[in-house]
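Here's a quick briefing to read alongside the model. Have the sequence and the 3D view open as you go.

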Amino acid sequence: MYRIGLVYNEPKELTAADKELDPRSYRQPAIIADYIEEAFITRGHQVKKIPASLDLLQDIKAAGDLDVIFNCCTGINSKREQANIVALLELVDIPFVGSGLTAQATALNKANANAAFTAAGVPITAFQTFFSAEDPLNSDMTYPLFVKPIQEGSALGITADSLVENEAELRSQVDYVIDSFKQPALVEGYLPGREFSVGILGTKEPEVLPVTEVIIPDKYGTDIQTVTVKAENGVKRVCPAEISPQLNAEISSIALQAYNTLQCSELARVDIKLDADEKPNIIEINTMPALEPGFEHYPAMAAAAGYSMSDLVETLVKEAIEAWKLKAV
Ligand SMILES: Nc1ncnc2c1ncn2[C@@H]1O[C@H](COP(=O)(O)OP(=O)(O)O)[C@@H](O)[C@H]1O
Ligand SMILES: [Mg+2]
């Protein structure tokens, strides 16, 4: 029996404008926390739910003796604070599930993550950070291009207009991203092929979960996982993906390479898309993949590998405790 501190965040009050930019994900951590609590209780573990606030460290102390912290908190004020929460957890002398601060902070800034993947030789498309809509385009960047916020998730800021075919479209979309999300825009080479997502589970000997193909139904009129597609849970998920053994091996290897490059722990999910030559390229790594059953890829991939939700959360906790024992004090 484990005594588990379940750190999560309650949805904050949002303005109508906030809701338009982020229609659903702001309340997801609280939904996920309920599923995780139930999954642990079914197996006889003790769960103390700790909603994150500025008193987080005090509240963890007040929760009494804990064997492990299960963290599904994406921040207090904004999802960009995911790494800040992990930074606090690293100060507490209790194992916690998930990657440490360095991996989280690198993954959250997609340009930094892309630079790390490039340096490590993970296949990736060309990319450039735009701090202003007037920045000159680098010579290795050729249309069509793809524009997204440098530091968001849940497809925030991703629409059919993210795909840009010429300079006027590029400038306009970069301007939209910088203005709406108050952060630089990341511009990448457009990857036109099939899309996949891959879960990794474990720390010492990470397991690659069955690859999922992510298919956007025709009714959306795009092959991009836009904010609308994501909010409506509109994708068709094929897991295990119907692909050749060779492509499966290439995709799995990219996912594992990305995981190891950032030195992730316990779990992550890697998004991958095929380029014009049908070669897989990494899109991003999610160091805190959402675990909402029925809605998210990660629990579906774990299920395809034989893990029920209870198996999954128990495995994550065991892995976190094992990894913790190997850490320097
Ligand atoms: N370089 C790219 N080329 C083509 N499509 C892309 C590219 N980058 C992202 N996408 C599309 O946009 C979606 C969201 O992008 P992603 O970087 O994964 O953001 P998020 O963190 O919001 O999931 C992807 O699932 C994919 O459909
Ligand atoms: Mg993604």
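**Layout of the chain**

The C-alpha centres of domain 1 and domain 2 are 31 Å apart. This is a predicted model, where local features need pLDDT of at least 70, side-chain atom pairs count only at pLDDT 80 or more, and totals for chains, interfaces and linings use all residues. Residues are numbered from 1 along each chain as its sequence is written, while chains are lettered from A and ligands numbered from 1 in the order in which they are written.

**Overall build**

- The protein splits into domain 1 (3–97), domain 2 (137–189) and domain 3 (195–325), with bounds that come from an automatic or database domain assignment.
- Along the principal axes, the C-alpha atoms fill a box of roughly 60 × 45 × 40 Å.

**Around ligand 1**

- Ligand 1 has 19 residues around it, and the closest are Phe146, Gly153, Glu188, Leu191 and Gln225. A residue is near a molecule if its C-beta atom, placed from the backbone, lies within 6 Å of it.
- Strands E6 (145–149), E13 (267–274) and E14 (280–286) are the elements that give two or more residues to this shell.
- Sorted by type, the shell has eight nonpolar, four polar and seven charged residues. Here Ala, Val, Leu, Ile, Met, Phe, Trp, Tyr, Cys and Pro count as nonpolar, Asp, Glu, Lys and Arg as charged, and the others, Gly among them, as polar.
- Domain 2 and domain 3 both give residues to the shell, so ligand 1 lies between them.

**Helix pairs**

- The axes of H4 (residues 82–89) and H5 (residues 101–108) come within 9 Å and cross at roughly 175°. Axes are lines fitted to C-alpha atoms, for helices over the stretch in contact, and angles run from 0 to 180 degrees between N-to-C directions.
- H4 and H5 are therefore roughly antiparallel (over 145 degrees; under 35 is roughly parallel, 65 to 115 roughly perpendicular and the rest oblique).
- Gln82, Ala83, Val86 and Ala87 of H4 meet Leu101, Gln104, Ala105 and Leu108 of H5, where contact means C-beta atoms, placed from the backbone, within 7 Å. That set has six nonpolar, two polar and no charged residues.
- H2 (residues 28–42) and H11 (residues 309–325) have axes that come within 8 Å and cross at roughly 90°, so the two are roughly perpendicular.
- On the H2 side the contact uses Tyr35, Ile36, Ala39, Phe40 and Thr42, and on the H11 side Met309, Ser310 and Val313. These residues divide into six nonpolar, two polar and no charged.

- Tyr143 and Pro144 are joined by a cis peptide bond, with omega about 0°; Pro144 is in the loop between E5 (127–130) and E6.
- A cis peptide bond also joins Cys239 and Pro240, with omega about 0°. Pro240 sits in the loop between E12 (236–238) and H9 (245–261).
- Lys182 isn't a glycine, yet has a positive phi of about 50°; look for Lys182 in the loop between H7 (167–181) and E8 (185–189).

How values were computed
Helices (H or I, at least four residues) and strands (E, at least two) are DSSP runs, numbered from the N terminus. Two residues are in contact if their C-beta atoms, placed from the backbone, lie within 7 Å.
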